[in-house]
Amino acid sequence: MSVIERVTTWIEVCAFDDLVPDRGVCALVGPYQVALFRTSPDDALYALSNYDPFSGACVLSRGIVGSKGDTPKVASPIFKQNFDLTSGRCLDDPAVEVMAFPARVVDGRVVVGVP
Amino acid sequence: MVAGNGMVGHKLVERLLDRDATTDWDIVVFGEEHRPAYDRVGLSSLFSGTTVEELSLVAPGAYDGIELHLGDPIASIDRDAARAVSAGGRIVTYDALVLATGSVPVVPPIPGHDQPGCFVYRTIDDLDAIRAYADGRRVGAVVGGGLLGLEAANALRNLGLVTHVVEFAPRLMPVQVDEGGAAALRTLIEELGVSVHTSMQTTEIVTDADGHVAAMRFEEGDDLDVDLVVFSAGIRPRDELARGCGLEVGERGGVVVDERCRTSDPLIYAIGECALAAGRVWGLVAPGYDMARVAADGIVGGDATFTGGDLSTKLKLMGVDVASFGDAFAATPGAETITYSDAVTRVYKRLVVGDGGKKVLGGVFVGDASAYQVLVQMARGDMPTPDDPARLIFPDVEGNAPLAIGVDAISPTATICSCNNVTKAAICSAIAECGLTEMGGVKTATRAGTGCGGCVPLATELLKDELRKAGVEVRNDLCEHFAYSRQELFDIVRVHRIVSFSELLASHGQGRGCEICKPAVASMLASMGGGYILDGEQATLQDTNDHFLANLQRDGSYSVVPRVPGGEITPDQLIAIGQAAKEFGLYTKITGGQRIDLFGARVDQLPGIWARLIDAGMESGHAYGKALRTVKSCVGQTWCRFGVQDSTSLAIQIELRYRGLRAPHKLKSAVSGCTRECAEAQSKDFGVIATEQGWNLYVCGNGGMRPQHAVLLASDLSSDLLIRYIDRFLMFYIRTADRLERTATWFDKLEGGIDYLRSVIIDDTLGIAAELEAEMERHVATYECEWKATIDDPERVRRFRSFINDERPDPTIVKLPERAQHRPAYPHEKPTPVEVLQ
């Protein structure tokens, strides 16, 4: 399971308003490159590893955000595989997934949990 | 029981297995050679790298449940007892016997024909013997200039021998090709270093003191010194078994069979080259396969018939296309011929038509057989014949556009996905067998499109075409969020004056959008004069290339291409590019479009690089966008002795007019200053070639994956009229093309082809010309350099950073030295992202 279940540290990253709706950004959270996404119109917050396992490049934050059915997702900008924003599961290849981090907004600030 | 395990004997076994014959029959196969069936047609490829295993037609396990005796031919047949005995003494009682013993090459009984150094060309063993003998020897000759003789000559050539072909008839391939075709073929083959001697009858093989081949002697002319001779002067059916047991054979050989391939003994069938079927011996594999099908059907109780085969041939001899089909010699009463012969490019095409040109009867092709497939279909009546079939063999010259041919016309054996080597046939059969309706399914089933992805539009077109043919309603929906095609959406946006994606999604879509519809809608909004593409919501619609105004590379870095209009660049600009590259450690390479690409920039470096370039007077080249890329040019009359117009000035004018224009796909252009066409304008989406009187405008050409020649839209235009036609053409394409559809593909699907396009662009039959021109004027008036607009605004520069919470650059972008510059590290050459940060 790649969703981080045992969080040891919560790290404050930036203001929620720094995030552009439906456009990802990358944050350094401890030793992790984390891709943060704020979706619209629901203003939900998601955090995945920025690492694209298909290309080996750290680029998922630069993909286009959208939906497949009811699932919010991001498409890798390199080879266009889709990843479920809630779980990190690859929607095109069930054998592949990336880390999904818990993330929440506290007093207008984005906080990400890392193991 | 099957006597013979060649190509046709093997096909019979396959056909029997297809019909589940093993449940009722024990199948016993005897073969003379020590190998199971292999592809005899491809024999000469053994000398150019193909292995014996690759030639095999029998997959491991394919003969499970079948008794196969190799190296043990049938020696005699006792018809009264329905029993056959093999050379090795095996006795089999049969309920049905199929003779598939093939043929042997004819060796003329001239003196010396059986001396060491004389060979035939039929089996792998023959080739092994030739190879062994040729070692250390220099010159080889083939007796016979037919299809097989030329194959054999190719084999000798591949062995590195000086090669001669000696033909008794006055021309090569006398059975398939007419005089003109044979002359073209001869020129092409001689250019490959093979000496051709026609009208020469070999009377003796002269040997040296040891009895080895030393020379050939002819009825006419001098001796030819050779080290080895291969006889390939026709075939003789292997009918000894049939003769031995009293079956009827033809006067000149061949076991006589009826329409169901049965011999004069109803228990015995004969198929392939040993059979005399429908009045002749068929020396090609396709009719043999057909006979195998008929015999297998007869054995399991069917009544299929063979009434004559197709002698159409298309092959590559030493890399030269040669094809002939139907009534190639115009023997049909009333037949007429149309001949195209180009002595410069060595292309010869002859089309035989009947019924006053309304019916295709046959044809011959040498050097270019691209029209073969379509014409054969027409000759068979499987495809309607156009009013003027001659157009199919003539090249694209003024007023004579090639007929528009869509994916349907792509050969089944054509490779669609070159990454995974998937053919059109493989994709089509996967679609049919697995009932696929989506591109995702095609990818899973065939792996097509899972490599670089470049073939996905073509494969999708194929899928739609197959579904359409199968009667499935094909929705041309953009994606799951919009139940409209790109063209329909474009009209919706235009008519309802929609200015944002969310507005369009709310009124005509569902869900949240995706990586397909978002950039497509962004492109539509931009081509309708939307201004800066990265403000507000527009920013969220863009692919990363458009978002960072640079081209993403495999390691997450970007490349930068400044615009170099018409390929004209000043020394100061060259210096500025060089200085920027040095300062930011970028790898530089000249592009195919007369520009310079700077690779390896991190996102945080992009604004700094552009500040330098803009200072030096340069602007965005839009290499990242589905937009006008480059207008290539030659120097034209300004410098060139042959130029008739100023092509560079026009190229610069065109590039500056259409720079930044967003389209369904990228747009490339070129201007050539004379008919020599050094700028390759005919391979571009729109290209211009100078004439003494003005400019010729070509449209819808393509290089790249599926090269296609552009079509002449109009000739001898003034500069003003040229620009107006290009305005109309580009806007019409932008309005009506599908997402990611290049002009060439769009044109192939355009009903009415070039005539229709001319009527819209030149005659304005739709009455939209003024509107199209006005749309283009709006684009030209609102153009601004996206990079200048970006670096002038600190707010817009802010997104160019690796991390939102840290000023450090991305440490996972690692470069390694290569040839005095550097390249990005491959993933295995660098630590994982977490390791880097730890």
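**Stop 1: where the chains meet**

Select the contact between chain A and chain B. It takes 31 residues from chain A and 28 residues from chain B. Two residues are in contact if their C-beta atoms, placed from the backbone, lie within 7 Å. Now colour the chain A side. The elements that give two or more residues to it are strand 1 (9-15), strand 2 (25-29), strand 3 (32-38), strand 6 (57-58), strand 7 (64-68) and strand 8 (71-75) of chain A. That side of chain A divides into 20 nonpolar, five polar and six charged residues. Here Ala, Val, Leu, Ile, Met, Phe, Trp, Tyr, Cys and Pro count as nonpolar, Asp, Glu, Lys and Arg as charged, and the others, Gly among them, as polar.

Before moving on, note that this is a predicted model, in which local features need pLDDT of at least 70, side-chain atom pairs count only at pLDDT 80 or more, and totals for chains, interfaces and linings use all residues. Residues are numbered from 1 along each chain as its sequence is written, while chains are lettered from A and ligands numbered from 1 in the order in which they are written.

**Stop 2: the two chains**

Helices (H or I, at least four residues) and strands (E, at least two) are DSSP runs, numbered from the N terminus. Buried residues make up 48% of the 115 residues in chain A. A residue is buried if 20 or more other C-beta atoms lie within 10 Å of its own, exposed if 12 or fewer, and partly exposed in between, with C-beta atoms placed from the backbone.

Switch to chain B. It has 26 helices and 38 strands. Of its 838 residues, 44% count as buried. Take the contacts in chain B with a separation of 6 or more: residues 24 or more positions apart account for 60% of them. In chain A, the corresponding share is 48%.

**Stop 3: the cores**

Which residues have the most contacts inside the largest nonpolar core? Select Ala27(A), Val34(A), Leu36(A), Ala47(A), Leu48(A) and Val521(B). This core has 78 residues. A nonpolar core is a set of buried Ala, Val, Leu, Ile, Met, Phe, Trp, Tyr and Cys residues joined through C-beta atoms within 7 Å. Its largest share, seven residues, comes from helix 14 (residues 517-527) of chain B.

Zoom in on Leu36(A). Not counting residues up to four places away in sequence, it touches Leu19(A), Gly24(A), Val25(A), Ala27(A), Ala47(A), Ala103(A) and Val110(A).

A second, separate core has 66 residues, including Tyr121(B), Leu147(B), Val196(B) and Phe325(B).

**Stop 4**

Select strand 4 (residues 74-78) and strand 5 (residues 83-86) of chain B. They run antiparallel, joined by four bridges. Two strands pair if DSSP finds at least two bridges between them. Find Ile77(B): its bridge partner in strand 5 is Ala84(B). The two strands form a hairpin with four residues between them, and Ala82(B) in the turn has a positive phi of about 50°.

Arg83(B) has Thr93(B) as its bridge partner. Strands 5 and 6 of chain B also form a hairpin with four residues between them; Gly89(B) in this turn has a positive phi of about 90°.

**Stop 4**

Two bridges join strand 28 to strand 29 (residues 558-560) of chain B. Asn551(B) has Ser559(B) as its bridge partner.

**Stop 5: helix 23 of chain B**

Select residues 769-782 of chain B, which form helix 23. Which of its residues are buried? Ala769(B), Leu772(B), Glu775(B), Met776(B) and His779(B) are. Helix 20 (719-736) of chain B is included in what covers them. On the other side of helix 23, Ala770(B), Ala774(B), Glu777(B), Ala781(B) and Thr782(B) are exposed.

**Last stop: Ser264(B)**

Ser264(B) sits in the loop between strand 18 (255-256) and strand 19 (268-270) of chain B. Is it buried or partly exposed? Ser264(B) counts as partly exposed, because it has 16 C-beta neighbours inside 10 Å. Leaving aside neighbours within four places in sequence, Ser264(B) is in contact with Leu247(B), Glu248(B) and Val256(B).

Notes. The expected span of a helix is 1.5 Å times one less than its number of residues.
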